[in-house]
Amino acid sequence: MSEDSSGVFETTVSEGVLRVRREGARWLSTGWAGGECRADAADNVSVPEGFDRTDLDAYIAERRRAAGFEGSGPALLTGVELRHARGARLGPVAAVATAGVSNPAALPTDPEDARADRSGERAEQSCGPADASADAAGPDGSETPEVGTVNVVVGTERSLADGALANLLAVAVEAKTATLLAETGFPGTTSDAAVAACDPAGERVAFSGSATEVGACARACVREAVRASLDSRYGEGTGATVPESVADAEYGVATDRRAAVFRPAERERDDA
């Protein structure tokens, strides 16, 4: 078991479970059984090769017990080993990330060119439950490399208004996306998830946008945590490489559909 209790949120890794803890925190999660809740901790659970469990509530409870963690709260699942987890702290904010990109989700600005480039290969192909990433078997039954996920947990010791907590989640995802684009060329994977948290007992803050202290610190923390996790997973000497495109990846999607654009109707004034 390893632990860091010197920052805004305590972070502990035990038996493949990363726990991020702050007593009485408010959490907002995009992961399994997500939404907003009050809990003392959130967990990021690394799943093994061949993971095929569908009873995720029971599975998460089992993993928490095995790790020696009590209580319940938000939980994310990832195929990335937790030795690649990295955290960052700045001011009133801390973030922890696990990053793997073997299942990239590309968003080309010109879908037609993307289809032509791939020559029909893997059009709109996806893998696995939304945030229950795990290894899968290839067409010939052989094992394939672990499926990636970029999971981010960001928390602040400030007490955030409802809208500010939701915006902190958006700020964290924006920072994750910008970092992944710069480092890998992809905005995310098919199974990314994020959790934002605040301390109701802290100093009250109404806003968390990029120009605020909380927002600016969150952006920096997420950027550094994601970059460090990517470096741990794909850096020099690891033997792992970031796929150059969706076609080169074991799994992934490129959204090559085109939506219809419309202009909102203007309401006519009745001056009578």
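**Threonine 149 and the cores of the protein chain**

Good morning. Please keep in mind that the model before you is predicted.

Is threonine 149 buried or exposed? Its relative accessibility is 0%, so threonine 149 counts as buried. Its side chain also has a partner: a polar contact of 3.1 Å links it to the side chain of serine 191.

Let me now turn to the chain as a whole. The protein chain contains four helices and 13 strands. It has 272 residues, and 48% of them count as buried. Its accessible surface is about 13,700 Å², with 47% of that belonging to carbon and sulfur atoms. Among contacts with a separation of 6 or more, 75% are between residues 24 or more positions apart.

The largest nonpolar core has 34 residues, and Val93, Val154, Leu160, Leu168, Val222, Val226 and Leu230 have the most contacts inside it. At least two residues of this core come from each of strand E7 (93-99), E9, helix H3 (162-184), strand E11 (193-198) and helix H4 (213-234). Which of these elements supplies the largest share? That is H4, with nine residues.

Apart from its neighbours within four places in sequence, valine 222 is in contact with Ala95, Val152, Val154, Ala172, Ala175 and Lys176. There is also a second, separate core; it has 17 residues, including Ala39, Leu76, Val153 and Ala197.

Thank you for your attention.

Definitions and conventions:
Residues are numbered from 1 along each chain as its sequence is written. This is a predicted model: local features need pLDDT of at least 70, side-chain atom pairs count only at pLDDT 80 or more; totals for chains, interfaces and linings use all residues. Side-chain values use heavy atoms; hydrogens and water are left out. Buried means under 20% relative accessible area, exposed over 50%, partly exposed in between (1.4 Å probe, protein chains only). A polar contact is a pair of N or O atoms within 3.5 Å; within protein, one must be able to donate a hydrogen and the other to accept it, and residues adjacent in sequence count only if both atoms are side-chain atoms. Contact means heavy atoms within 4.5 Å. Accessible areas come from the Shrake-Rupley method with a 1.4 Å probe; for residues, only the protein chains shown count as cover. A nonpolar core is a set of buried Ala, Val, Leu, Ile, Met, Phe, Trp, Tyr and Cys residues joined through side-chain atoms within 4.5 Å.
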